[in-house]
Amino acid sequence: MDWIYLILAGCLEVVGVIGLNRVIKYKNLQSYMILFIGFILSFSLLALAMKTLPMGLSYAVWTGIGTVGGTIVGMLFYRESKEWKRILFIGMILVAVIGLKLTS
């Protein structure tokens, strides 16, 4: 269950980042709600996961999911660069997170 919490926490971090991007553009209540709810739920689930998972591993996986997810959302929905180097480095982050899991 701890890994499910951690994966959901990472996904909700991406929701929080989407809310942050919306706040910058629109500054409406819905954008702020997406931002706050995304990050509050993300931090709450991260805290639950860290009750049984090591802090370093939890934080690395959480930030890895957030970084990769935010970058992919940016490329798909906000017209950010889809250059091959970005995709290569996203893959490297994924490999690093999987490597941390395998060595823990």
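A helix here is a DSSP run, H or I, of at least four residues, and helices are numbered from the N terminus. The model shown in these views is predicted.

View 1. Ile37 lies in helix α2, which covers residues 29–49.

**View 2. The largest nonpolar core.** Ten residues make up this core. Among them are Leu6, Ala9, Leu45, Leu46, Trp62 and Val97. Helices α1 (2–26), α2 and α3 (55–77) each supply at least two of the core residues.

**View 3. The surroundings of Ala9.** Ala9 belongs to the largest nonpolar core. Set aside its neighbours within four places in sequence. Ala9 is then in contact with Ser42, Leu45, Leu46 and Trp62.

**View 4. Arg86 and Glu80 form a salt bridge.** Side chains of opposite charge can pair when their charged atoms come close. Here the closest N and O atoms are 3.4 Å apart. Arg86 is partly exposed, with a relative accessible area of 26%. Glu80 is partly exposed too, at 36% relative accessibility.

**View 5. Glu83 and Lys85 form a salt bridge.** Their side chains meet at 3.3 Å, N to O. Glu83 has a relative accessible area of 36%, so it counts as partly exposed. Lys85 is partly exposed at 40% relative accessibility. How many salt bridges does a search of the whole structure find? The search finds two.

Definitions and conventions. Residues numbered from 1 in each chain as written. Predicted model: local features only at pLDDT ≥ 70, side-chain atom pairs only at ≥ 80, totals over all residues. Heavy atoms only, no water. Core = buried A, V, L, I, M, F, W, Y, C linked by side-chain atoms within 4.5 Å. Buried < 20%, exposed > 50% of the residue type's maximum accessible area, 1.4 Å probe, protein only. Contact = heavy atoms within 4.5 Å. Salt bridge = Lys/Arg side-chain N within 4 Å of Asp/Glu carboxyl O.
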